[in-house]
Amino acid sequence: PDGKRAIEEVKRAEEPFRFAILDLSMPVVDGAEALCALRMLDPTLPVIMTSGYDESQTLSRLEGGKISGFLQKPYALERLEQLIKEIARTEPERPA
């Protein structure tokens, strides 16, 4: 949907999200702004950023915001699955 809705969903969630997937170019609130807001709500939330830009261009637009993974569009579902498994292995376990 859009970055604003992503922020609202995390705010009102009864249980913490396991991870979030953001697109750098989302409507209303873009991915960089949404990442900043999500970090304020939950600093340990693993975030995967997607973009049609390459990784270095994307990271430069995030102004130091920490992400757990990056997927350049278009990407295969298998790559998303692999990245989620990597995050699950390397990130601290989150409350269910």
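**A starting point**

The buried residues of helix H2 pack against H1, E1 and E2. Here helices (H or I, at least four residues) and strands (E, at least two) are DSSP runs, numbered from the N terminus. Buried stands for under 20% relative accessible area, exposed for over 50%, and partly exposed for values in between (1.4 Å probe, protein chains only). Contact stands for heavy atoms within 4.5 Å.

You are looking at a predicted model, where local features need pLDDT of at least 70 and side-chain atom pairs count only at pLDDT 80 or more, while totals for chains, interfaces and linings use all residues. Residues are numbered from 1 along each chain as its sequence is written, and side-chain values use heavy atoms, with hydrogens and water left out.

**Exercise 1. Work out the order and pairing of the strands in the sheet.**

Step 1. Two strands pair if DSSP finds at least two bridges between them. E1 and strand E2 (residues 47–51) are joined in the parallel sense by four bridges, and E2 and E3 also pair in the parallel sense over four bridges.

Step 2. Now put the strands together: the three form an open sheet in the order E1-E2-E3, with parallel pairing. At its edges are strand E1 (20–23) and strand E3 (69–72), each pairing on one side only. On average, neighbouring strands are turned by 25° against each other, direction ignored; axes are lines fitted to C-alpha atoms, for helices over the stretch in contact, and angles run from 0 to 180 degrees between N-to-C directions.

Step 3. Find some partners. Ile 21 has Ile 48 of E2 as its bridge partner, and Asp 23 stands opposite Thr 50 in E2. Thr 50 in turn faces Leu 71 in E3, while Met 49 stands opposite Phe 70 in E3.

**Exercise 2. Follow the chain from E1 to E2 by way of H2 and find the handedness of this unit.**

Step 1. Helix H2 (residues 31–41) lies across E1 and E2 and runs at about 150° to E1.

Step 2. Together, E1, H2 and E2 make a right-handed β-α-β unit. A crossover is right-handed if, with the strands pointing away from the viewer, the path from the first strand over the helix to the second runs clockwise.

Step 3. Look at the start of H2, where a side-chain oxygen of Asp 30 reaches to within 3.1 Å of the backbone nitrogen of Ala 32.

**Exercise 3. Which residues touch the most other members of the largest nonpolar core?**

Step 1. A nonpolar core is a set of buried Ala, Val, Leu, Ile, Met, Phe, Trp, Tyr and Cys residues joined through side-chain atoms within 4.5 Å.

Step 2. The largest core has 17 residues, and Leu 22, Leu 35, Leu 38 and Met 49 touch the most other members. Helix H1 (3–12), E1, H2 and E2 each give two or more residues to this core, and the largest share, four residues, comes from H2. Apart from this core lies another, of five residues, among them Ile 48, Leu 71, Leu 83 and Ile 87.

Step 3. Check both faces of E2. Val 47, Met 49 and Ser 51 point one way, Ile 48 and Thr 50 point the other way, and all are buried.

**Exercise 4. Is Glu 33 buried or partly exposed?**

Step 1. Glu 33 lies in helix H2, where Gly 31, Ala 34, Leu 35, Ala 37, Leu 38 and Arg 39 are buried.

Step 2. Glu 33 counts as partly exposed because its relative accessible area is 48%.

Notes: Polar contact = N/O pair within 3.5 Å; in protein donor to acceptor, adjacent residues only side chain to side chain.
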